[in-house]
Amino acid sequence: ALISACVLSLIATAGWSQRLTWLGTAGYTASMAYGVSADGSVVVGVASTSGRGGTTRAFRWTRATGMQELVTFPAIATSISADGSVVIGWFYDSASNHRAFRWTATGGTEDLGTLTGGRQSWAYGVSANGSVIVGVSTNAGGYDRAVRWTQLGIQNLGTISGGSSYAYGVSPDGSIVVGQTDSRPFLWTRSSGMQTLPLPEGHNSGVAYGVSANGSIVVGKVVVPPHPGGGFTTHIPCKWVNGVPTILRPVNSNWQGEAYAVSADGSVIVGTITTSQGNLACRWTESGGLEILSQTYARLLGPDSRLEEARAISPDGRFIVGWGFNENTWRTEAFLLDTRCTPHNGDINRDGCVDDRDLLTVLFEFGETGIFDGVDINCDRVIDDADLLVVLFNFGQGC
């Protein structure tokens, strides 16, 4: 078995381990990531300067180019197509109105427009191929309406009771939309239109942010109203499975939170938990329950760094983006987290040579368990003789 593991390691790909990448700020004071392509190669979001009169710039990041401004005017990029070619968000026009946009490398920035008579619009979600975009537009009366943009133009998705509505998420094929209407989470399809999702007992409102590929899993939050005697509303992360709500319980009953995104198959959910120490990026899975990402991937972080918000996830659940505090730069910064471990040939420090430095790393960590940045060569979450034998078998390779 060990020999087989060694042979397999010889054909492993170069990107072999869990990896956390701080994306920088492109010369600004902070950055936040809101979208990631399916293969994790492209991330979008916003870089900004703080304080009165601060500047915001939509960015597009790749490992080759780093963080680059998408446009030269105030804007926020909120999502990206699966192949990374279509970016959406909103910008501020000369009259300080919000305008939804679609960006491509060949076509540049396209104003998506508004409902007839409306002045403002926002884009929040995009289908896998970039052909369907969902968001919000004001109408002639100034009310917010959930909308869907396609090659045929803008479509008003309506409301349930005549109040405001907002579309935040869309399925990969563009056929299912989720959001909020009249303070209730909704799910929209072409065949059934807009339908509200039920709320758990004791909750009076909610929002749906993300949906799985087939629409069976919806994620978001529900709200507990304040006690009649006073207090604050409480935001609780929630998922709906075939329309049935399930609270995603935090570890501490005093914590609040929101679930923002879900993998295509519905098995991985990401979001944020708010604690007395501030916001913490988190992940929910059936097998692992709630995980605080700064704890699960502590080996990839410095002692004073933390992941604060998890806003998007790749369809396969591998890549997570958001923002946190980077101790090396002492600022809020967008991050890209690669959660997959792939067996490799023992080149732990990625210098192209399996040598004594790699061997010493394994010996130093021998017996440890958990998440490791490449030291767990065979990805079984323990540093043991199997990892040591891979290094010894490939010793001198590439040197």
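**Overall fold and a few local details**

The protein chain has four helices and 28 strands, where helices (H or I, at least four residues) and strands (E, at least two) are DSSP runs numbered from the N terminus. The radius of gyration of the chain is 23 Å, close to the 21 Å that the globule rule gives for 399 residues, so the chain is as compact as a globular protein of that length. That radius is taken over C-alpha atoms, and the globule rule is 2.2 Å times the number of residues to the power 0.38. This is a predicted model, in which local features need pLDDT of at least 70 and side-chain atom pairs count only at pLDDT 80 or more, while totals for chains, interfaces and linings use all residues. Residues are numbered from 1 along each chain as its sequence is written, and side-chain values use heavy atoms, with hydrogens and water left out.

Taken along the principal axes, the C-alpha atoms fill a box of roughly 70 × 50 × 45 Å. Of the 399 residues, 55% are buried; buried means under 20% relative accessible area, exposed over 50%, and partly exposed in between (1.4 Å probe, protein chains only).

Now for some single residues. T285 sits in strand β24 (residues 278-285) and, at 19% relative accessibility, counts as buried. Leaving aside residues up to four places away in sequence, T285 touches S267, V268 and E291.

Most residues other than glycine have a negative phi. S183, though not a glycine, has a positive phi of about 70 degrees. S183 lies in the loop between β15 (176-181) and β16 (184-189), and its 41% relative accessibility makes it partly exposed. R350 also has a positive phi, near 55 degrees. The loop between β28 (331-338) and α3 (356-365) holds R350, which is partly exposed at 34% relative accessibility.

Conventions: Contact means heavy atoms within 4.5 Å.
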